[in-house]
Number of protein chains: 2
Amino acid sequence: MSFNKLANGKYDLVADWKALERIFISPENEATRKTLVKYMEQILFGLHDFLKANVGITEEASLMELSDWFKDSTINKNPTRKLADVIKGIIKDIAPHAVNVASPYFIGHMTSAIPFFMVHLHTIVAALNQNVVKLETSKIVSIFERQVLAKIHRLIFKFDKDFYNLHIQNPDSTLGSFVEDGTLANLTAMWVVRNTALKKKDNFDGVEKQGINAAYKAYNINRCVILVSQLAHYSLRKAGGVLGIGNENIIKIPMDHENKLDIIKLKEIIHSFDNQTKILAVIGIAGATETGSVDPLNEIAEICSKHNIHFHVDAAWGGPTLLSEKYNYKLSGIEKANSVTIDGHKQFYMPMSCGMVYFRDSKIMDSIAYHSAYVNRPGSVDLGIRSLVGSRAATSLVLGSALDIMGSRGYGLLINHGIDTAKEFANELKKRKLFQIATEPQLNIITYRIFPESLKQKWNESSHEQKKDINNTINDINITVQRLQREAGKSFVSRTTLYKENLSQVVLRSVIMNPMTDINIIIEVLNEQEELYKTNFDF
Amino acid sequence: MSFNKLANGKYDLVADWKALERIFISPENEATRKTLVKYMEQILFGLHDFLKANVGITEEASLMELSDWFKDSTINKNPTRKLADVIKGIIKDIAPHAVNVASPYFIGHMTSAIPFFMVHLHTIVAALNQNVVKLETSKIVSIFERQVLAKIHRLIFKFDKDFYNLHIQNPDSTLGSFVEDGTLANLTAMWVVRNTALKKKDNFDGVEKQGINAAYKAYNINRCVILVSQLAHYSLRKAGGVLGIGNENIIKIPMDHENKLDIIKLKEIIHSFDNQTKILAVIGIAGATETGSVDPLNEIAEICSKHNIHFHVDAAWGGPTLLSEKYNYKLSGIEKANSVTIDGHKQFYMPMSCGMVYFRDSKIMDSIAYHSAYVNRPGSVDLGIRSLVGSRAATSLVLGSALDIMGSRGYGLLINHGIDTAKEFANELKKRKLFQIATEPQLNIITYRIFPESLKQKWNESSHEQKKDINNTINDINITVQRLQREAGKSFVSRTTLYKENLSQVVLRSVIMNPMTDINIIIEVLNEQEELYKTNFDF
């Protein structure tokens, strides 16, 4: 922190009280201010200039090699680096081996470039350092957050002005909640659902207080289930595990030919349960992680309404599609949901990480309310009362400001670009003989695989057993090409496994969210894949 | 985002593709770069200059009034503000009504000033925007994080070099996990504990898969309990609720006269359960939220070891005391824990928010492992495999860098200052006739109350019924003085309720973590409280 110049010209870092005071007090002199601003400049552009110079994903260095750099488990007694050196170190040693998620050639995951201003907004959150768990450590920021929650709630559920006037700043109403990510948003939703279904009655004090075992006795059931699409995110199984209902009770409903939850099967399964089984929720996906497919939300809503089942939509990925006038019809039916998960760090283009969960009923989150003696007293405005998490950053400042800066039209342009480009991607694949589309893009995600002509012919003449063998060969090819392309360092698509025709099919997966990713880049990515195939497999 | 100058001299903001491209591409020309750096300067100093000019907590404006500013639930189609206006707005309209947690007079909560460099480090996290859920979106940053986890693990558990050489970069070992805050860290610990206690056996597939109901049958029990101090954080009750064991089964053990968990009572309670009850864990607190008290960790460890019970320490607050050579003895016994919660945004002085949980056994987190097809394949280095949360920011970059910049000595100075000043605080209270100390500071938290001389005399001559009345009067006084002081806007202490002598005693609570909070400031705070008392109650 502090440093004394040594005889050899180096500095000796020491931690003393004077140095401590200096780092806590707002710097008074111009020179110190300039230095601190210069550091910010290095962070803003030092990192970005590197990223520009290295369009690929990472430089060459094996995991093993990198691991050897970080094997020091001791905390040094004296300071070892100044801020300036930390920044230099991150630019020189970390950034080159981090993943350039901002590259337009990085189209394998749901992490992408973010607008420049997001970094500024993120910095504001730290500079104010409010804790939104309670009003006493956030005041106006809690009130601001309520407005952001209402804006997204309205985007989803489309209630009228009167509804929002009533609830937007009413401490007794909870329209939703910020939480670290989509996994915890889904967990929060299922927690609320479980507690609502197994609430207080007669001599039973509710599942939250008395636990699952007592609840099942009180309700005379032996099982709770949650019905989901086969493509549901694994966080839903995790929620089942965490909440004590067991992840085997997150039951996967078969898909139709468009990778959507099969409505007929859903009806059959709902009718198949005896009265010892309670259906807690049906979950529709709006933008499956692997394929971007959207479940038939209107039909699910109708069934849930008829059977009085909670309808949750996991729109962690697809939610912001609602901001596109061109494509918001794809999420039709989401407004009938009882709860919705949506992620800020995905298609709101916020920095990591920001999950959100919204509820149609402004009182349903009362089922998870907790109070403490030193904060969150009953009746208070404290946002921590109905929340999975406690202390929490004011991430809503980023989202609320971004909505102002972008407008729905700005976000709409990004959404449109992604979906339009994914369609062009599909057309390009159809022109090429080496590839086979696995799932057509419903939103901005496409899966496909390398499937050589020669094998396609064989395939048509084969028994299921023979197809298995061919499929294994195809899988090997795709695994290898994906790995080689990643290792080459210029482009990155991810891979996943889909179950089709009773086979585990390895597919390549692309997510188009970077506005700089256009069809020309996609052509380059596919050309490289063809090249890698030819070099390694064209026998 | 983009703007056209109108005839009236104002700007019309529009969202178009050109503007979009601009905000995603690293700015090429010097002028744009300068502008972006200027914005950072405004964020860094505009906010801090305000905070300096307003030592108090907030300016005058009622909640009702503030609420009226934020009642717009619509998302505008076109952009309404540029980044420059957002920053100006936050400095002019938000900051003055936010809470000045950085003021040395803000001594009511566990949120305080943070060193300047923390804002820079926080900005780096957003600028790199890695997602630590998987290696493919973080690479070197995941490896860096493993080193940070090992450093804190070693600080707590003090294993030897060989242990860390073996585990630090071994993908099959998990020393701990980052999570949003202490609440989720405690939840993670109890989740691991539940799954370990109710694991697979015979024909039972484990509680995570089959749920609580099946688990209780398989283990022939009807209840799981977790034993905690009366001062345990409410997140532990919440964990009991979320995990399906029921929050009534988080059982509070009475305290001794020093507000520590009473070891004799703990033994009695352990022996009182029949064999239908499984004790999942005993939890010791190292720095209770309300009083800062530390449970007798060595004694609890011994009992847990004897009965083979998991011993968890909630050191969310007190953990960094280990960095002080002068006071680390206060946490003696923590190294015998099976798991430990520790918060970065508390006494590591990081921005909101950063929770962590650590485990003695590097394999125990396998009990919560989840895999997915598109990420986190078995055997991979992906940190998301054993984690409550999915997508997650690389907060470890902040902590790891801060440890380098501060050294343990730098942190030690902060810890020592807090504890030493809390002792001076206690001495000052003892000099003043108006006050009564409720809990002596064991760390850097002190609770006390206004207790006028006249009532003290009455108290000694009173029956328990009469004491109740006097206590109510004292409570009213303390509630009022705390509120008036908060509203006056210069200083802030919090209040909480302690149960002593069979009475609910409202006490004032101070947390000394800001290095700028010295005894002179405390004297000012107490003088103001005396003044407020005299003006309003001296009858």
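A crossing of two helices is right-handed if the near helix is turned clockwise from the far one by less than a right angle. In this predicted model, helix H5(A) passes helix H13(A) in that right-handed sense. H5 spans residues 116-128 of chain A, and H13 spans residues 396-431. Their axes come within 9 Å and cross at roughly 145°. From H5(A), the contact draws on Phe117(A), Met118(A), Leu121(A), His122(A), Ile124(A) and Val125(A). H13(A) supplies Leu397(A), Val398(A), Ser401(A), Ala402(A) and Ile405(A). By class, nine of these residues are nonpolar and two are polar. None is charged.

Helix H12 of chain A covers residues 297-307 and includes Ile303(A). Ile303(A) has 18 other C-beta atoms within 10 Å. A residue counts as buried at 20 or more such atoms and as exposed at 12 or fewer. Ile303(A) is therefore partly exposed. Beyond its neighbours within four places in sequence, Ile303(A) is in contact with Leu266(A) and Lys267(A). Val282(A) is 21 residues from Ile303(A) in sequence. The C-alpha atoms of Val282(A) and Ile303(A) are 9.3 Å apart.

In chain B, four strands form an open sheet. Their order is E10-E11-E13-E12, with antiparallel pairing. Strands E10 (435-439) and E12 (494-500) of chain B stand at the edges. Each has a single partner strand, so one side of each is left without a neighbour in the sheet. From one strand to the next, the twist averages 45°. Inside this order, strand E11 (residues 445-450) of chain B pairs with strand E13 (residues 503-511) of chain B over four bridges. The sense is antiparallel. Thr447(B) has Arg509(B) as its bridge partner in E13(B). Helix H13 of chain B, residues 396-431, packs on the sheet. H13 of chain B touches E10, E11 and E13 of chain B. The direction of this helix makes about 15° with that of E11(B).

The contact between the two chains takes 146 residues from chain A and 146 residues from chain B. On the side of chain B that touches chain A, helix H2 (residues 30-53) of chain B gives the most, with 13 residues. That side of chain B comprises 70 nonpolar, 49 polar and 27 charged residues.

Key: Residues are numbered from 1 along each chain as its sequence is written. Chains are lettered from A and ligands numbered from 1 in the order in which they are written. This is a predicted model: local features need pLDDT of at least 70, side-chain atom pairs count only at pLDDT 80 or more; totals for chains, interfaces and linings use all residues. Helices (H or I, at least four residues) and strands (E, at least two) are DSSP runs, numbered from the N terminus. Two residues are in contact if their C-beta atoms, placed from the backbone, lie within 7 Å. Ala, Val, Leu, Ile, Met, Phe, Trp, Tyr, Cys and Pro count as nonpolar, Asp, Glu, Lys and Arg as charged, and the others, Gly among them, as polar. Two strands pair if DSSP finds at least two bridges between them. Axes are lines fitted to C-alpha atoms, for helices over the stretch in contact, and angles run from 0 to 180 degrees between N-to-C directions.
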